[in-house]
Amino acid sequence: MFRLHASILASLALVLTPIAALPVKAAGNPDAAKGLVAEHCSECHAVPGYSAQGLPTVEAPSFQTIAENPEAYPEQRLRTFLLQPHWPMAQFRLSPSDIDNIVAYVRSLASE
Ligand code: HEC
């Protein structure tokens, strides 16, 4: 009986290990970006779970729009863009890992 279980477990491990090792969609961790996005981006951008307050004169694209239009917003464009604080954002510096996480977060919205 124990032998049978052991061999079943061994084959399960063989099947599951490659699945666990599959690469995630992007290098960043989308969940790690959520707090940052809620605090620093949702003021102007519509983000799922938050309603953008908007600014009187300019309209910031919703993160959903950015996610669903990779031709208009390719990943490299997002990365380059996020290296600099953008008007009318206040002086605001994102670290490379923040950028990875935000890009992964935005990408994760595309499939929702
Ligand atoms: C004070 C308002 C404001 C805040 C806060 C803000 N944004 Fe924006 N953002 C804008 C506006 C307005 C635009 C559109 C005008 C532009 O492209 O500069 C924009 C454009 C963008 C774009 C599209 C850039 C492109 O390629 O055209 C991205 C991506 C973006 N914001 C990400 C973010 C992220 C991530 C945060 C939080 C860290 C953030 N924004 C916070 C106002 C804001």
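Q: Which helices do the buried residues of α5 pack against?
A: This is a predicted model, with residues numbered from 1 along each chain as its sequence is written; local features need pLDDT of at least 70, side-chain atom pairs count only at pLDDT 80 or more, and totals for chains, interfaces and linings use all residues. Side-chain values use heavy atoms, leaving out hydrogens and water. Buried means under 20% relative accessible area, with a 1.4 Å probe and protein chains only, and the α5 residues that qualify are I99, N101, I102, V103, A104, Y105, V106, R107 and L109. Counting contact as heavy atoms within 4.5 Å, they pack against α2 (30–40), α3 (63–68) and α4.

Q: What pattern does the chain follow along the sequence?
A: Helices here are DSSP runs of H or I with at least four residues, strands are E runs of at least two, and both are numbered from the N terminus. The chain has 5 helices and 0 strands. Reading along the sequence, you get α-α-α-α-α.

Q: How far apart are the end C-alpha atoms of α5?
A: The expected span of a helix is 1.5 Å times one less than its number of residues. For the 14 residues of α5 that should come to 20 Å, and the model agrees, because the end C-alpha atoms are separated by 20 Å.

Q: Are α2 and α5 roughly parallel or roughly perpendicular to each other?
A: Axes are lines fitted to C-alpha atoms, over the stretch in contact for helices, with angles from 0 to 180 degrees between N-to-C directions. These two pack with their axes 7 Å apart, at an angle of about 100°. Under 35 degrees counts as roughly parallel, over 145 as roughly antiparallel, 65 to 115 as roughly perpendicular and the rest as oblique. So α2 and α5 are roughly perpendicular.

Q: How do the residues in the contact of α2 with α5 divide?
A: P30, A32, A33, K34, L36 and V37 of α2 meet D98, N101, I102, A104, Y105 and S108 of α5. Ala, Val, Leu, Ile, Met, Phe, Trp, Tyr, Cys and Pro count as nonpolar, Asp, Glu, Lys and Arg as charged, and the others, Gly among them, as polar. That gives 8 nonpolar, 2 polar and 2 charged.

Q: What is α4 relative to α5, in terms of angle?
A: The axes of α4 (residues 75–82) and α5 (residues 96–109) come within 10 Å and cross at roughly 140°. That makes α4, relative to α5, oblique.

Q: Which residues of α5 does α4 meet?
A: The contact of these helices has 6 nonpolar, no polar and 4 charged residues. From α4 come E75, L78, R79 and L82, and from α5 come I99, D100, I102, V103, V106 and R107.

Q: Which residues does G28 touch, not counting those up to four places away in sequence?
A: G28 sits in the loop between α1 (2–20) and α2, and it counts as buried because its relative accessibility is 10%. Its C-alpha atom is 4.3 Å from that of D100, 72 residues apart along the chain. With those neighbours left out, G28 touches D100, N101 and A104.

Methods. Buried means under 20% relative accessible area, exposed over 50%, partly exposed in between (1.4 Å probe, protein chains only).
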